[in-house]
Amino acid sequence: MTPAIIATPEPEAGHPPVTYRTAGDRALMVEYGQPFPVDLAANFFAHAAARHLAAEPVRGVLEIASGLRSLTVYYEPNTIDQKSVVAALEEVHRALPEPRSIVLPSRRLKLPIAFDDSASREAVHRYRISTRPDAPNVLDGTNVDYIVRYNGLPDREAFYARVLDSQWWNAFTGFYPGLPSLLPLDPRSEIIAPKYNPARGWTPEGAVGLGGPCIVMHTIESPGSYQLFGRTVPISQLTRNPRTHRVDPALIHPGDRISFFRVTEAELIDLRRQAFAGSYDYDVEPGRFATEEYFSTASAPEVSAEADRRRAARHAAQGLVKIP
């Protein structure tokens, strides 16, 4: 029987620890760092490893799928065996700089958001009527107030400020095609929420939700379990670039940085009409991201002190709020 854990080699100085796991007879999973707390350093390293493998392919390695702190590596066993895949990945890891010295391709995107919109409220309403009328996160007809209470915030505007004041790093794309999972690059903007229990049967396309520490934007109508708090323009399939007339199946790429600007729901409806008509000009700026920017911000005394204060307030509030 093949062991679940293949290897846990001693990490290079300054690098996150690595665990290699079996993922079937044609794949293995590489895990970086520890599961908790969420560690952007491990995520940066995973991005860098995936980029390196894309630039310098290993013969027999077919595909790399990135996760929050992992890579799933698919390979052709008739060409390369599991042991050789691990050896090749170890060479990649030795070639990479430590997480705070990594520079990654990273575009900056600005997206509109209408908070507490009617489509998100409709999803909450359907859930309350058809699935669980006593769920503590839907009793007020919206998930926004539940997020506010769970994070120990004074009001909705304080929550909206957390969303608007930070750039959000697309840590990975997954669960279904094009769905970005965003983490704040400013630790003071950290927000957390438990998921629905059970999940919703319907979520509108464009809905923006929060689950655990991640913000997501729904690319299609689908089931879902994240707390909904707003809506944005389409980010999949219909996002035609008006300059090139190219349809990008996934607007947001791994490693992109997203910032939101606030609009009314009426304004968002007009922007969404433009997007569906192919005339909306998505604000996308090519660039690169030096991870030192994140570490310098996160370690600044005034930033880390305020982030710690906000975490303490959140932890105190969570003990007073029912979990779905």
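Me: Two strands pair if DSSP finds at least two bridges between them. How many bridges join β4 to strand β5 here?

Reply: First, this is a predicted model, where local features need pLDDT of at least 70, side-chain atom pairs count only at 80 or more, and totals for chains, interfaces and linings use all residues. Numbering starts from 1 along each chain as its sequence is written, and side-chain values use heavy atoms, with hydrogens and water left out. Strands (E, at least two residues) and helices (H or I, at least four) are DSSP runs numbered from the N terminus. Now, 5 bridges join β4 to β5 (residues 70–75), and the two run antiparallel. Ala 65, for one, has Thr 72 of β5 as its bridge partner.

Me: In what order do the strands form the sheet?

Reply: In general, strands of a sheet pair through backbone hydrogen bonds, parallel or antiparallel. Here 5 strands make an open, antiparallel sheet, ordered β1-β2-β3-β5-β4. β1 (5–7) and β4 (61–66) are the edges, each pairing on one side only.

Me: Which strands does α1 touch?

Reply: Contact means heavy atoms within 4.5 Å. α1 packs on the sheet against β3 (27–32), β4 and β5. α2 lies across β1, β2 (18–22), β3 and β5.

Definitions and conventions. Axes are lines fitted to C-alpha atoms, for helices over the stretch in contact, and angles run from 0 to 180 degrees between N-to-C directions.
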